[in-house]
Amino acid sequence: MTFYNEMLEGDRVRDPYARLSEWVETMPQDFRQMKQAEAEDLFRRIGITFAVYGEGGDPDRLIPFDMMPRVFEQAEWRKLERGIKQRARALNAFLRDVYGRGEIIRAGRIPARLVYRNEAYEKAVVGFVPPRGVYSHIIGVDLVRTAKDEFYVLEDNCRTPSGVSYMLENREIMMRMFPQLFRQNRIEPVDQYPQLLRHTLESVAPQKCDSRPTCVILTPGHYNSAYYEHSFLANLMGVELVEGADLFVDGEFVYMRTTQGPKRVDVIYRRIDDPFLDPLCFRPDSMLGIPGLMDVYRSGGVSICSAPGAGVADDKAIYTFVPEMVRFYLGEEPILNNVQTWTLWKDDDYRYVMDNLPDLVVKEVHGSGGYGMLVGPKSTREEVEIFRKKIEANPSNYIAQPTLSLSTCPTFVEEGVAPRHVDLRPYCLCGDRIELVPGGLTRVALREGSLVVNSSQGGGVKDTWVLSE
Amino acid sequence: MLSRTASNLFWMGRHLERADTAARLLDVGQRITLLPNTEAGYQNEWNALLRASGTAEVFASKYGEATQEKIEEFIFFDRDNPSSVVSCIEKAREAGRIVRTALTSQVWDALNVAFQELRRIERTPRAKLDTATLTDFTTGHISTVRGAINATQLRNDGWHFMHTGYGLERADATARLLDVKYFVLLPRIEFVGSGLDTYQWQVILRALSAHRAFHWAYGGDISAARVADFLILNGESPRSLITSLYETVWHLEGIARRYGDSAPTSARDQARHSLEALQSRDIDMIFDEGLHEFLSWFIGEIGTISNRVHQDYLLGGA
């Protein structure tokens, strides 16, 4: 299998990497080690402890930071940006539709069963349209690159994608350690993200809000692996970081407990999952939630971002229909590709997958974080057979995809610089406007040959540059 | 400000001050063991100091007889001791982590560095650590955090809550330490004014890092009345009851002024009232009243103020 190398074309260094390449070649070994130690020290002192959505693990763990940036040209980025925004519009249109008349299902484009019997489908919000018809306000689209102009979407994270603090801190640390790089290269800034996020949240204030909306971030608490990110964003946006117990419902509104008594809350950017939002509506045993929150939400007293029920759009089974959504709602052709996906509950797909298991990647429908998946070409015969048994036991729990030839980026390794596989997660904001800061989180598989970029499986992160014109 | 945020800032202040107190206790204990034996060996003094931190029972049930190593382990490292340096710094750092958004990066950095260094010390073999290293570590880092707070935090309600915590904790610690002297160090009346008595007052002064300050202020002669005056009523002494309470009132006034009519002020009113009652006394009146009775009253007042802070601000009015 051949891989697209983002820096090299044969022996020639591609234009966007020209200066970086020189920088690396002239860098003394001890300088590099010193800077690497400095970066780690900075991360530790800042107290970044973090895990990408649902990965779990030691809360005080550091994700390895690779100092070699990943670079996009303006033109490459423009295309990605258009593709991601298009997807974001389609996904929100889909959510509005399936909690309304369900036109796409009536038209026979998506099977009703996949939507209405989906675990993430919330009956409690059927018929309610959130402000501006936006359900998913922050969409983290996971992308991989296979050729110069070929990007594939791996999944859409419509609920509460994490990792954006890494995008911001990686940049901050790079600018602090290597200011000369930023003088030599013209790099689009990303630090406007918190302001854009706040603007997005304020733009979806509930109907009953008649002054400047009060926004908060709702966190499950400081034991959560992404707590650092929650407090980081709250701090940069200048909004309160609340836990469930800080909020209560009184009459038509939600309030937070402050030193000056109750204060009304208009927009909640929640970083907890649907089942934990309101024990009266969802899980009665949840200690994290706010009793009565959903009643206030449905009567226009508070906005919740992302909207309860938004998860139905990023399910792995629904994923296969996103290109269909783009055509159906927008009347456009999808700019970004979906990865070809076989759904194992279909007989034909099942047979194909079982016949070709060693060549495919198989994932659990509801899994995340690189766990519970099979990378056929990287597995032993034994591992494949064990996985085959798991599939036979419950076929509808799995989807399969071809093994993609993920692009590589130059990455610092023990013996110098070597290509390692990467993916990309940009963060798209949807409110009164759809915005995308030029950058994102690049995850890199630090182990040679590995295609799994998850931090729990030996992945690291990189600063991601978009060069201006 | 969120009530939970205010609560964490308040307790961050209290725990930082408490860690400082614990380290100074350790320093004093160390000094005692370097001096010639007193009547009952070191036991009495050690127990008195443990009592000052309110942990004598926990220590006795876990360690039995006091030795230098056990005391050091207990006062500095032991997580079963809620007032140990490790316990207090961890709780302060935990509170700080929860309210990261209310701290400047300098304050967080200082707090986090203290915590990371503490972990390093915990991994160091005990034989390589002497008491002075441990106390210097603690007072140094606590001062750095406090310095960062005063140099960089906004002078807003959060700052006042932190300092209200500091002030109440300091007032409480000084009062308890004085009380211990009266009851435990000096059980028999004929010791009053003896060499042992003087020596024990010195120990108290050391425990409050007020040894040299006292001599500057009073010209050397140690007597019960002078030491008590210095630690209770002297407005220049940074750990005296009156200074601690005065500063607490000042910070509660700050909160009340900021919040205007939108929040209750019973804590401020109570603190003002307690301060007036303290200011109306001189040291002779206090000795006539009985030092222990006076200190019991004072500790009760501090407890009441703390409860009122809780009621006024930390429950969120729901």
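Q: What radius of gyration would a compact globule with 469 residues have, and what does chain A have?
A: This is a predicted model, so keep that in mind. A compact globule with 469 residues would have a radius of gyration near 23 Å, and chain A has 22 Å, so the two agree.

Q: What sort of box do the C-alpha atoms of chain A fill?
A: Taken along the principal axes, the box is roughly 65 × 55 × 40 Å.

Q: And what's the secondary structure of chain A?
A: Chain A has 14 helices and 23 strands.

Q: How much of chain A counts as buried?
A: Of its 469 residues, 46% count as buried. Also, take the contacts in chain A with a separation of 6 or more: 71% of them are between residues 24 or more positions apart.

Q: Which domains does chain A have?
A: The domain assignment gives domain 1 (8–333 + 405–466) and domain 2 (340–402). The C-alpha centres of these two domains of chain A lie 27 Å apart.

Q: What about phi, which residue has a positive value although it is not a glycine?
A: That's A:Arg132, with a phi of about 60°. You'll find A:Arg132 in the loop between helix 5 (112–116) and strand 4 (138–147) of chain A.

Q: Why point those two out?
A: Most residues other than glycine have a negative phi, and most peptide bonds are trans.

Q: Is A:Arg132 buried, exposed or partly exposed?
A: A:Arg132 is partly exposed, because 15 other C-beta atoms lie within 10 Å.

Q: OK, switching to chain B. How is chain B divided?
A: Chain B is split into domain 1 (1–152) and domain 2 (155–318). Their C-alpha centres lie 20 Å apart.

Q: How many residues does each domain of chain B put into the contact?
A: Domain 1 of chain B gives 28 residues and domain 2 of chain B gives 27.

Q: Which elements are on the domain 1 side?
A: Helix 1 (3–34) and helix 2 (43–52) of chain B each give two or more residues to the side of domain 1 that touches domain 2. The largest share, 18 residues, comes from helix 1 of chain B. By class, that side of domain 1 of chain B has 13 nonpolar, eight polar and seven charged residues.

Q: Now, how many residues are in contact between chain B and chain A?
A: It's 22 residues of chain B with 19 residues of chain A.

Q: Which helices of chain B supply at least two residues there?
A: Helix 1, helix 5 (85–98) and helix 6 (105–123) of chain B do. Helix 6 of chain B gives the most to that side, with four residues.

Q: And what classes of residue does chain B have on the side that touches chain A?
A: There are eleven nonpolar, six polar and five charged residues.

Conventions: Residues are numbered from 1 along each chain as its sequence is written. Chains are lettered from A and ligands numbered from 1 in the order in which they are written. This is a predicted model: local features need pLDDT of at least 70, side-chain atom pairs count only at pLDDT 80 or more; totals for chains, interfaces and linings use all residues. A residue is buried if 20 or more other C-beta atoms lie within 10 Å of its own, exposed if 12 or fewer, and partly exposed in between; C-beta atoms are placed from the backbone. Domain bounds come from an automatic or database domain assignment. Two residues are in contact if their C-beta atoms, placed from the backbone, lie within 7 Å. Ala, Val, Leu, Ile, Met, Phe, Trp, Tyr, Cys and Pro count as nonpolar, Asp, Glu, Lys and Arg as charged, and the others, Gly among them, as polar. The radius of gyration is taken over C-alpha atoms; the globule rule is 2.2 Å times the number of residues to the power 0.38.
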